[in-house]
Amino acid sequence: MRTLGNFLWFILGGIFMGLCWWFFALIAFISIIGIPWGRACFVMGKLSFFPFGREAISRKELTLNEDIGTSGLGLIGNIIWFLFAGIWLAIGHLVHAIACFITIIGIPFGIQHLKLAGISLSPIGKTVVDKEVAQAARMRNANATVSQMRGSF
């Protein structure tokens, strides 16, 4: 089912938003100082091409380790990103979501566009993994939190 969803998504408009992500990535790479943003754009652009069965997750949530993208510098990077490109990609995804929601068949595609709109506002510090990997990481984190809470009593 994922394959069919990704195929339909790609030919019915996913290619356009994926190319928009990659356009911003190229601009970021040309500027040299934008290379971290460009890398994030290529990763999220690939997700925008084929979103079904995959999910963006914080690298800190996935690995339980903080890195430069999940630290305070990542926050600053996301603020800069939001001002220069994030808002425009989010608007593009929102417009596509509204167009998809007009038809009943397009509702799953509209939901994906809304998820991608949220991601486009702050992609620094995130990575894309299969949904099962993301769910396993969240379960592991929830179990670790419960264990820590029991140990503090």
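**Ground rules.** I number residues from 1 along each chain as its sequence is written. The model is predicted, so I take local features at pLDDT of at least 70 and side-chain atom pairs at pLDDT 80 or more, while totals for chains, interfaces and linings use all residues, and side-chain values use heavy atoms, without hydrogens or water.

**H93.** I found H93 in helix α4, residues 72-101 (helices are DSSP runs of H or I, at least four residues; strands are E, at least two; both numbered from the N terminus). H93 counts as buried because its relative accessibility is 0% (buried is under 20% relative accessible area, exposed over 50%, partly exposed in between; 1.4 Å probe, protein chains only). Its side chain makes a polar contact of 3.0 Å with the side chain of H113 (an N or O pair within 3.5 Å; within protein, one able to donate a hydrogen and the other to accept it; residues adjacent in sequence count only if both atoms are side-chain atoms). Beyond four places in sequence, I listed its contacts (heavy atoms within 4.5 Å): M17, W21, S48, H113, L116, A117 and S120.

**E55.** I placed E55 in strand β1, residues 54-58. Its side chain meets that of R138 in a polar contact of 2.5 Å. T127 lies 72 residues away in sequence, yet the C-alpha atoms are 8.2 Å apart.

**Cores.** Of its 22 residues, M44, L47 and W81 touch the most other members. Helix α1 gives the largest share, six residues. A second, separate core has five residues, including L62 and V129.

Note on methods:
A nonpolar core is a set of buried Ala, Val, Leu, Ile, Met, Phe, Trp, Tyr and Cys residues joined through side-chain atoms within 4.5 Å.
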